[in-house]
Number of protein chains: 2
Amino acid sequence: MEALVGKPVTRVDALEKVSGAAVFGPDVKLVGMLYGKALRSPHAHARIVSINLDAVRKLPGVRAVVTGADMPGVLGGEAVKDMPFLAQGKVRYMGEPVAAVAAEDEATALKAIELIEVVYDELPVVVDALAALEQGAPLIHEGLENYARISVIKPVPKSNVITVNEYTKGDVEHGFHESDEVFEDEFRSQTVHHAPLEPHSAVAQVDVSGRIVVWGPNDSPHRLRKDLADALHLRLDRVRVISTYVGGGFGGKGGLKAEPIAVALAMKANHRPVKVVFTREEVFQATLVRHAAVVRIKTGVKRDGMLMAREVKIVWDTGAYAEKGPTVCSQATAAAAGPYRVPHIHLIGQCVYTNKAIAGAYRGYGTPQLAWAYESQMDIIAKKLGIDPLELRLRNILREGDVNPVGHPIHSVGVEDCLKQVAQAIGWQERQHHPRVTEKGRHVGFGIACGTKNTKTPSGSEAALYLCQDGSLTIVTASVEVGQGVRTILAQIACGVLGLPMENVSFSPPDTDSTPFDASTTSSRTTFHMGNAVKFAAEDLKKQLAQLAASLFGCDANQVVVDGGKAWLSEQPERCLPYPELLQKQYGAGASMMGRGFYYPKSEQGRAFHESPSLFWMYAAHAVQVEVDPKTGRVEVTRLAAAADTGRPINPVNCLQQIEGGAVHAIGTTLMEELIVDDQGRMVNPNFHDYRIPTAMDAPEILASLVEAPHREGPFGAKGMAEIVTTSVFPAIGSAIEDAVGVRIRDLPITSDKVWRALRESTEK
Amino acid sequence: MEALVGKPVTRVDALEKVSGAAVFGPDVKLVGMLYGKALRSPHAHARIVSINLDAVRKLPGVRAVVTGADMPGVLGGEAVKDMPFLAQGKVRYMGEPVAAVAAEDEATALKAIELIEVVYDELPVVVDALAALEQGAPLIHEGLENYARISVIKPVPKSNVITVNEYTKGDVEHGFHESDEVFEDEFRSQTVHHAPLEPHSAVAQVDVSGRIVVWGPNDSPHRLRKDLADALHLRLDRVRVISTYVGGGFGGKGGLKAEPIAVALAMKANHRPVKVVFTREEVFQATLVRHAAVVRIKTGVKRDGMLMAREVKIVWDTGAYAEKGPTVCSQATAAAAGPYRVPHIHLIGQCVYTNKAIAGAYRGYGTPQLAWAYESQMDIIAKKLGIDPLELRLRNILREGDVNPVGHPIHSVGVEDCLKQVAQAIGWQERQHHPRVTEKGRHVGFGIACGTKNTKTPSGSEAALYLCQDGSLTIVTASVEVGQGVRTILAQIACGVLGLPMENVSFSPPDTDSTPFDASTTSSRTTFHMGNAVKFAAEDLKKQLAQLAASLFGCDANQVVVDGGKAWLSEQPERCLPYPELLQKQYGAGASMMGRGFYYPKSEQGRAFHESPSLFWMYAAHAVQVEVDPKTGRVEVTRLAAAADTGRPINPVNCLQQIEGGAVHAIGTTLMEELIVDDQGRMVNPNFHDYRIPTAMDAPEILASLVEAPHREGPFGAKGMAEIVTTSVFPAIGSAIEDAVGVRIRDLPITSDKVWRALRESTEK
C-alpha cells in the first residue's frame, strides 16, 4: 500500500517548471488590467501633514488614486491588527506605502506617483531594538495595547514592546547555584531578507457586489482571505484568494504584502483588475525581513558538562508593524534552550517595534537566531571544560521520551543520530589528523552543531480527493507549491494509499472558493498536516471502495481488500475489480467518488491559537570544514555534512534537496547577507548588487543524509523538515572559524572584514 | 428548519445579472487569446475531395489551421461516437465545420477561412426522415453499427436508423379488438431552434503537458469533460472545463458545439488560448435543433371514453449526427402514451439520420412532440364520443399508485389537479357562455391539455459545503446557472437546512477540477438531484455541528439540537452556541467545516445509463383561450392558464416564472417558429429576421399556478418542472383553434396561412 511512499519519484511539477509554462505571480494577466504603484515614505518615522493629489488626478491614464484616508479603520495583521493598508496619519518605516495609483500602464503609474505631493513632519527614529526598549524612546505605536490581537500576545502599554513571552521550568537561580561553571554570552544576528527570485505581486479585482478576488503568489490563501476580510470588516466569503505557483517563499510570501495595495486600488478601479508587482527595492524594503535578534544566554554546567540551568533573554527587532513578529517571539522563544535536557530553564522573549522593515516569518521562524546563540555557547563551554564539542552535546542531547526545556515529554527525536551522522560524514574524530594549513596558507577548521524547531500549533488542514471513473485522481487542497515539492509529496501519499500510478494525479489550484480550508503553507507543516488530510481522504476512498465492492460481490466490506488500484474478495482473490470497473458498474450513468480528510490534531481541539506545545519538533545537525585566509579574513566552507530528522521521508530525494538548499541558504546568512540601515532608518542596500546571496559558486561539497525517527501521528511517520535544515549551519561555521584561526565572531554575518579585524585585534593583544 | 424552503426569496444572481457584471461565454477574455473561425460546408451531403491550405497559411496573423485530417480517429458524441470535430472525408449537413483557423483577431480569422479551397463531390441528399427510412435511401453514415455507443442504442445496419426503441405492455392488438372505437391519426412537428440570446462559444487552451482547459457556457461541465476526453482518447483529468453563466440553454448548450472547434485549434496554437464565438447563423445551422417528428398514433377506446389500447409510432428526424438524438428517442418514446391509464400499449420510436442540422435535447426532450399528438387526438376522441375534453381526460388520468403506460407504478402525480386548476382558471365550465365572436369578428375558442415528462435515469450529483468560522457558507457544485435559478434554489435548500440567512451564501464556480461530479444541468434534474446532494451535505454539516457541540457541552450528540444557526442542549436551551462560536472554540487556529452530499438514487445503482424507468415524472396542464381571425387565419392566444406539478416548490416565484416563460416559449413553437430547409438541405431562415420567436407582445395574460404532489425522494418533496411547462401548450392551442373555427391543423407550427388555407378548404368542401 505504501509502494510510492519513501520513493524518490520525479517531481510532478517538473515539466511545467523547466518549460517555463508554470504561472507565477507576475505572470498573471487579465484583460482590462490596470497597473498599480505605491508612493512610499522616504522617512522612517514621520507624521503625514498633507497629501496633495490634484496633479496626479489630472494625469491622463490614471484610473484610481488611493490614500490611507480612503480606508479609515482598516488595520491588518494576523496576530495584532496594527497595519494600515496605506499609512494613516504617520509612517513608521522607510518604504511604507502612503498613496497608490492605478493606471492604464506601468509607465503612467510610475509617472503618476511622482506627482503626489506629501508633506511630512519628521519624528525621532529608533533603529535599534535595545534603544527602543529604553525609557523615553520614541513611541512607534501610541496605544499599542488597544490593537485587536490574539490571546497569546501581551503588549506592554506605553512602550515599544508588542509582546513578552516567558517560559520557565524548575528554578533557574537554583540551577545556576548548583552549577560548577556559569557562562554568560551575547550573540547577535542581523536582519536578512528571504530574497526570493520572484518578486511579490498581487492582482485584485472587486466585483459588482463588492466581492474581492485576489490572485497571486501567496503561500496561504485561506489566511490571506481572513487577513483581508478581517481588516476590511467583510464576511470571509466576500473575499476569494487564488494562489499561483510561488517562486521562492521562505516565509516571506504570506499575509499582506502587495495584496493590500492591489486591493485598495481595486476598490476604486470601477471593477477593473489591478496588478501590483513590486520592484526589487520594494521587495527588500517593504515586504518582510528576518528578525535581527540580540540573544543573551546564561548557562550553568557541571564540570562533566551536564547542563544544569539556562536562561535566555531575546530581544526581537520586529520592525514597524507586528505581522508575524509576536508569534515568532512566542513560538521561537520556547525553543531557545536548544535540543538538550536542562532541568532549570528561564526563557524570555521581547518583541520590539523599531522604525525598520517589518520582520516576521523566515525559514526557521526565529529558531536559527537562537541556535546561533546556544550552539556557539556550547562550543565555548566545551572548550572551557576541555570536552569534545560532539561529546558535550551527546551528553546532554534530548532523546525519545525526555522532557524538553519547556516541560513537555517529546517523541520522534532523531537529533543524536543527526549529530553522529554528520560527525561521521565530515570525519569529526579524525579531524585532528587533517592538515591545519593548506598549501595556499589557508587555515582549516571544523565545527559541529545541531538545532531544533517547533511547529505552529494547533493548526488544521482539509483535503478532498476525486476519484474519477477512469481511475484518474484529483487532489483538491489549498496547499501552495512554493518550490518545496508539496504536490509531489501529496501525490505520493494519495497514490501510495490507493495504489494508483503517479501519472493519474492532477491538482485543483489553491482557491478559497473551492479548495478546502488549510491554515497555511508554512511552519514545515504541510507534509505533516496536509499529508495526514490527504492520507485520510485516500483511506476514506478505500473505505467507500470496499463498501462498493462488497455490494457488488454480495459480501461484507470487511471481506474485501482494496489496494493497488483494485478491490478483491480476500478469500477469492480472482474475484477482483479495478477501481474504474467498480465505479462504472455501480454508477453506470457516471459519478466520481469523493474522499474527504480533515486533520486538526484531536489533542489540540478546543485550544487557542499558539497556546499549545508544539505538535512535533524537528531536529538537524551540521558539521562543516572551513578554510580561513588569515591575510584577508575570507572564509570558505569547503565541506558541509548535514543530517535532518525527517520522521520518515515521503520522498528522500526531495528531502535531500531541501537539506542542500537549506545549507547554501544558511551559508549566505552566515557569511554574506545583511540588510543595513543607517541611523535614520534608511535601508542602504536594497538590491542584488549590494545585498549578496550565495550562488552555486559559494556552495561547498555537501554530504546530506536523513535520519528517520518516525512520528506516531505523522503520515507514514513523516514530519516536516523544510526549516530545520538551516538552523545549525551558522554556529557550526562560527565554531569552525574559531577552530581554524582562534577568533570567535558573535554577531552575524561573519564577513571577511570582521574576521580580519578580529584576527588583527587578537594579534595585537 | 425549512424556513427558507417554499419562500419566494429574491434570486441570488439578480445583482450580477441586472448590472451586466455576470460573465457569460462571449465575455471570457484571456490575455494572448486568438480568435477562431470555422469554414463550413455549403453542401448537406458531399465527399471532400481536397482541401488546399496553402493560401491561408501565408496570411499574416494566422496562427493555427486545422482540418479533420489532423484529428484521425477523433469522434465525439455522448450516446454514439459518430461526430468528428471537423469533417473527415465527407460532410453530412450544410454548415458542418470542415476546417478552422485561429488568428490574432476576428477579422483576420474571417478573411482566412475564405482562403481555404475545398473541392467537394456532392452526394444525394435526404432531408426527410420518412424518405431516409426508405429502401435505397442514400446512407448518411456507412457502417453506423460500428460506432462506439451506450448499451441502450440499437442501430440498424445498412440503414439511416441509429436506434429503435420499443415499449410494450399488455397486448395492443387485443386492446384494439376490445375497443368500441379506434382512432388513427398522424401529427407532425417541425424543426425548431432553442434560439438562446447568447450565442454558443468556447475558449480553449492546451498547456505544456497537453492538458486542455475549456471555458464557456456549457450546461454540463463534467459531461463535456468526458465527451472531450473520450473523443480525444485522454484520461478524464487531462481535460478541465469551467462553465460560465449560460445566457439561455433549453438543452442546446451541452455537449460538443463551439468546444470541438476551439479545442482543435488550441491543440495547434502553441499553448495560446483560442476563442470561438458562433455567429447567429452558425448557432442556427450548426449547434442543435429540436427533432422534427412524425407521430402516428392509434388509440382504442370504449364508448364511455375509457382508453383501451394505444400504439404510437414515432420517427425522430435526428439530423446528421446522433448527439442526444438516440436518448431523446429512447426516453421520450417511453412517454408517448401520455399521462393516462392504458392497459395495452405499444410504443416504437425510430431515430433517423438525415442531412440536416443535428437534433437533440430541447426543453422537453421529445415529449412536447408526443403531447402534440396524444392530446390532439384526445380531443378528436372527445368530439367523436361527445364527451367533454376535460371529462375524457379525467376519466383516464393517472393517479397516485397507478401503473403508467410503460408498466411502472407511479408516485407524485399531480396531473389531475393541474387539469382542474387550469380549467377553473380559464373558466372551462362556463366557456359556452362566452361570446364566440368578438366585436372585431375574431372567433373565440378554448382548449385544454395536459402532458407528462420523465427524467434522465439514473444520474448522480455530488455537493460540498464549506461552513466558515464566521457562518458564511460556500456551495461547491458543478450545477450551472442557465437562468433557471439553480443558485437560488440550492442556497434556499442549504440555508433552509442550516438555518442560515441567504446572504451568507456564496458559490464556487462550476469547474471539473474543483467542483464535485454532477451528471448535467439538464432534464429538469437539478432541483431533485443536486437539491438532494446539497440537502445531504447540509445535514452532514448539522451532524458534525451536533458532535462538535456535544464535545463542548460534554454530552451526547443526540442531546444537542442544531438549527437556526445555533446548537443547544435540548434540555437546557440556554446552553446555546451559534455556529461561528462552535467552530472558533473547537478550531481556535482556524478551520472550516466541510459537509458532503452525494445523491445517486440507491435503487438505480448498478444499472446502466438510460435503462431504468424514470426516477420521477413531471406533469402539467394548460388551458387556453384563442381568437382566430377567419379573414387572415391569424391566431392570438389571449389567455393562458398553466399549472405544473412541482412536487413541492422550493421557490414558488421561480416556479411561476418558469411556467410563464415556458408558456411563451411554447406559443412560439405552436404559432411561429420553424427552421426551414430546401430540398438540398440548405437552411433558408437561419436568422432572427426570418426565424421569428415570440416577444413580450406575443404573450397572453398568463394564469399560472402550482400543484403540490410531493415526491418522497425529492428534497422537501420537490421535483423538477422546467421542461414540462411547455408540453401541453401546443395541443391546447390546436384544439382551441378547432373550437373557434372548426379546422384542426395537424402539423406544427400553426401559421396564419395554414389556418387560412384550412378554412378555405373547409369552405370549399
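**A helix across a sheet**

Helix H12 (residues 415-426) of chain B lies across S18, S26, S27 and S28 of chain B and runs at about 20 degrees to S26(B). Helices (H or I, at least four residues) and strands (E, at least two) are DSSP runs, numbered from the N terminus, while axes are lines fitted to C-alpha atoms, for helices over the stretch in contact, with angles from 0 to 180 degrees between N-to-C directions. This is a predicted model, in which local features need pLDDT of at least 70 and side-chain atom pairs count only at pLDDT 80 or more, whereas totals for chains, interfaces and linings use all residues. Residues are numbered from 1 along each chain as its sequence is written, and chains are lettered from A and ligands numbered from 1 in the order in which they are written.

- Four strands of chain B form an open sheet of mixed pairing in the order S18-S26-S27-S28, where two strands pair if DSSP finds at least two bridges between them.
- Strand S18 (443-454) and strand S28 (701-707) of chain B each have a single partner strand and stand at the edges, so one side of each is left without a neighbour in the sheet.
- From one strand to the next, the twist averages 15 degrees.
- Ten bridges pair strand S26 (residues 617-628) of chain B with strand S27 (residues 635-645) of chain B in the antiparallel sense, and His622(B) has Ala642(B) in S27(B) as its bridge partner.

**Strand S12 of chain B**

- From strand S12 (residues 274-277) of chain B, Val274(B) and Val276(B) point one way and Lys275(B) and Val277(B) the other, and all are buried, that is, 20 or more other C-beta atoms, placed from the backbone, lie within 10 Å of their own.
- Strand S1 (residues 34-40) of chain B runs parallel to S12(B) and is joined to it by two bridges, with Leu34(B) partnered by Val274(B).
- Strand S9 (residues 201-206) of chain B runs antiparallel to S12(B) over four bridges, with Ser201(B) partnered by Val277(B).

**Nonpolar core**

- Ala494(A) and Ala494(B) touch the most other members among the 514 residues of the largest nonpolar core, a set of buried Ala, Val, Leu, Ile, Met, Phe, Trp, Tyr and Cys residues joined through C-beta atoms within 7 Å.
- Neighbours within four places in sequence aside, Ala494(A) is in contact (C-beta atoms, placed from the backbone, within 7 Å) with residues including Leu465(A), Ile475(A) and Val534(A).

**Two copies**

Technical notes. A residue is buried if 20 or more other C-beta atoms lie within 10 Å of its own, exposed if 12 or fewer, and partly exposed in between; C-beta atoms are placed from the backbone. Two residues are in contact if their C-beta atoms, placed from the backbone, lie within 7 Å.
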